[in-house]
Amino acid sequence: MNSSGRKRILPGWAIVTLDVLALGAALCVFALFHHVLPRAGGGPKLSIVNVQPSVGGEKRENPAQESANAAAETTAGDFSAAFPVEDTGAGADYSYQSGAARIAVTRHDRDGAAYYVADVWVKNIASLRTAFAQNQYGQGIHQEFMKMAQDNKAILAVSGDYYGARAKGVVVRNGQLYRDSLFEDVCVLYEDGVMETYTADTFSLDDAVTRKAYQIWSFGPRLLDNGQPMQAFSSTVTKANPRCAIGYYQPGHYCFVLVDGRQPGYSDGMTLQALSGLFHDLGCKAAYNLDGGQTAMMEYEGKLVNRPYNGGRQSSDIIFISE
Amino acid sequence: MLRLRKILGHLNVIFGGMFLTFFWLDRAYPAMSFLDNTISKWLLCVFSLAALTSAAVNLTEIHRRELEDARASGRNDKPAPYKRPSPPR
């Protein structure tokens, strides 16, 4: 056999390198299908409660009939008796005062962290809503935070639990059940305005459905235990980070806390322990951590309130207040 | 047969590397279901088939060599019994 017919044998390092490159390519293809390409998740599996917004970005065929239905169906979520008559926005950086919602957003600094507290009163549970990116449920479906807020005519909006980045976690939005697979701590906002947080082993989806869950978020961890600050959390991301969280005082009265972070000289972020202490100081009965990091953003009337890390990023859902 | 063994070897390296990566990612981000999803389950199926085929090919080859060695040493019915090496003195 002459030299031209001899089979070329690669050196060992080249074989290893080619295998590593092939592994990298295989992981990229996997990542593409696993969490980059959008996968529509279909419609809701179950309609738990039917609460319609009085104003919203969705196209509606018969608003008058829907409004009548909403009035009939949301008596449990009517907080007129507790809704404050006085202005709650004194001294706030941003204030929205109307007969349906009272919002006061104030900026604070604490232990090297800049954060915003949005104190929210709603007269009806229908004013506290959530929205999916591109108005579509599914994994890998993203949209700019500000665009989502704008499309839904949000007065105030914060980033949600980024359900679309995960395959697990119960998803109930505006009374519709989309996903029923449990994952760690859960936050439930019931139709009657009560918000409760649960560990995975104490949560029952059947009970939540029976009690008419209006929103269920699955990110966590929960930040208060019977109103008391916590020291241990069911999360590994306990260090100082940008944070977004929701707090509960009483039916119709909530707060959103948005902590900026990872920006030396401006804000380092907040540990879970510090965030838990903050909600306790605010007087909340329950509090729940939502997706933070680069996702954590707050909007007020078309204006970005906070300074998100690296300018923020697209997300899969928002929580917003509308009339 | 050699080409098949080489292809299977590389496949096993790639799949093994992928599942080690998934295992690590799953521990860091359990909610993202790196191991418990449809794609990973199919990859695991293909990985198992590749590993089984590779094992079958290798064991067949080892058996064939043992038979050849046995024939070469004059015992063509079965390979020489295993003999424990004497401990070093």
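How many of the 323 residues of chain A count as buried? The share is 51%, where buried means under 20% relative accessible area with a 1.4 Å probe, protein chains only, exposed means over 50%, and partly exposed lies in between.

Some ground rules. This is a predicted model, where local features need pLDDT of at least 70, side-chain atom pairs count only at pLDDT 80 or more, and totals for chains, interfaces and linings use all residues. Residues are numbered from 1 along each chain as its sequence is written, chains are lettered from A and ligands numbered from 1 in the order in which they are written, and side-chain values use heavy atoms, with hydrogens and water left out.

Chain A, then. It has 5 helices and 21 strands, taken as DSSP runs numbered from the N terminus, helices being H or I of at least four residues and strands E of at least two. Along the principal axes, its C-alpha atoms fill a box of roughly 95 × 50 × 40 Å. A contact here is heavy atoms within 4.5 Å. Of the contacts in chain A with a separation of 6 or more, 70% come from residues 24 or more positions apart.

Next, the cores. A nonpolar core is a set of buried Ala, Val, Leu, Ile, Met, Phe, Trp, Tyr and Cys residues joined through side-chain atoms within 4.5 Å. The largest has 54 residues, and A:Phe256 and A:Ile321 are among those with the most contacts inside it. Another core lies apart from it, with 19 residues, including A:Met230 and A:Ala287.

Those two residues come up again with A:Arg222. That arginine sits in the loop between strand 13 (213–217) and strand 14 (224–225) of chain A. A:Arg222 counts as buried because its relative accessible area is 14%. Beyond its neighbours within four places in sequence, A:Arg222 contacts A:Met230 and A:Ala287, and also A:Asp185 among others.

Last, the interface with chain B. The contact takes 16 residues from chain A and 18 residues from chain B. About 1500 Å² is buried between them, 74% of it given by carbon and sulfur atoms; buried area is the accessible area (1.4 Å probe) that two parts lose on being put together, summed over both. On the chain A side, A:Asp19, A:Phe30 and A:His34 lose the most area to chain B, together 35% of what that side buries.
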